[in-house]
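Visitor: I am new to this structure. Please take me through one part of it closely, and show how that part sits against its surroundings.

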Amino acid sequence: MNADTPSKLLGYAPMDSVHAEFDDLVDQALACPDDQLMPCLERLQDHLLSHFGQEDDWMRQTAFPAGDCHIEEHGKVLESAAQVLELVARGDLAVGRSFAAELERWFPGHADYLDSALAAWMCKRQFGGKPVVLHTRKSRV
């Protein structure tokens, strides 16, 4: 996954930056050797706690209308992450790899539907308008 792909950018820089870090950490967990899986998943869990915590704070502090659903989804992912780390610590590496793959599959929809609305909300409050993402035009040959 490459968070710098324009279609993945939401136009709220603090969120786009955190999403790029998320993508990098998921990629690392998917590609690392078995002896590095636990440390990779621990870094990913730390990131999730910070990432979701920041978004949850934004939603609470600004009375974001769809906040409850979004915060609940974050909570479910964090619960899963904790359970997965326990299983990986007991030697079940397959569940750790599966979790990383599921995060990779899950995230685009989460970003498209929940995070994009939050990005628009934050831009509206901070800048008075919707976020703008400029895309480079592919040349036609």
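Guide: Start with a pair of helices. Helix 2 and helix 3 (residues 67-89) pack with their axes 10 Å apart, at an angle of about 165 degrees. An angle over 145 degrees counts as roughly antiparallel, so helix 2 is roughly antiparallel to helix 3. The crossing of the two is left-handed. This is a predicted model, so read each value as computed from it.

Now look at who touches whom. From helix 2, the contact includes Met38, Leu41, Leu48, Phe52, Glu55 and Met59. From helix 3, it includes His70, Ile71, Val77, Leu78, Leu85 and Val88. By class, this contact of helix 2 with helix 3 has 15 nonpolar, 4 polar and 4 charged residues.

Helix 2 has another partner. Helix 2 (residues 37-61) and helix 4 have axes that come within 13 Å and cross at roughly 20 degrees. Angles under 35 degrees count as roughly parallel, so helix 2 is roughly parallel to helix 4. This crossing, too, is left-handed.

The residues of this contact can be named as well. Helix 2 brings, among them, Leu41, Leu48, Phe52, Glu55, Trp58 and Met59. Helix 4 brings, among them, Leu93, Leu103, Trp106, Phe107, Leu118 and Met122. By class, the contact of helix 2 with helix 4 has 13 nonpolar, 3 polar and 3 charged residues.

Ala119 lies in helix 4 (residues 93-127). Ala119 has a relative accessible area of 0%. Buried means under 20%, so Ala119 is buried. Leaving aside neighbours within four places in sequence, Ala119 is in contact with Leu10, Tyr12, Met15 and Pro131. Thr62 is 57 residues from Ala119 along the chain, and their C-alpha atoms are separated by 12 Å.

Step back to the whole chain. It has 4 helices and 0 strands. Along the sequence, the pattern reads α-α-α-α. The C-alpha atoms fill a box of roughly 50 × 50 × 20 Å, taken along the principal axes. Of the 141 residues, 36% are buried. Take the contacts between residues at least 6 apart in sequence: 67% of these join residues at least 24 apart. The chain exposes about 8,300 Å², and carbon and sulfur atoms supply 53% of that area.

Definitions and conventions
Residues are numbered from 1 along each chain as its sequence is written. This is a predicted model: local features need pLDDT of at least 70, side-chain atom pairs count only at pLDDT 80 or more; totals for chains, interfaces and linings use all residues. Side-chain values use heavy atoms; hydrogens and water are left out. Buried means under 20% relative accessible area, exposed over 50%, partly exposed in between (1.4 Å probe, protein chains only). Contact means heavy atoms within 4.5 Å. Axes are lines fitted to C-alpha atoms, for helices over the stretch in contact, and angles run from 0 to 180 degrees between N-to-C directions. Angles under 35 degrees count as roughly parallel, over 145 as roughly antiparallel, 65 to 115 as roughly perpendicular and the rest as oblique. A crossing is left-handed if the near helix is turned anticlockwise from the far one by less than a right angle, and right-handed if clockwise. Ala, Val, Leu, Ile, Met, Phe, Trp, Tyr, Cys and Pro count as nonpolar, Asp, Glu, Lys and Arg as charged, and the others, Gly among them, as polar. Accessible areas come from the Shrake-Rupley method with a 1.4 Å probe; for residues, only the protein chains shown count as cover.
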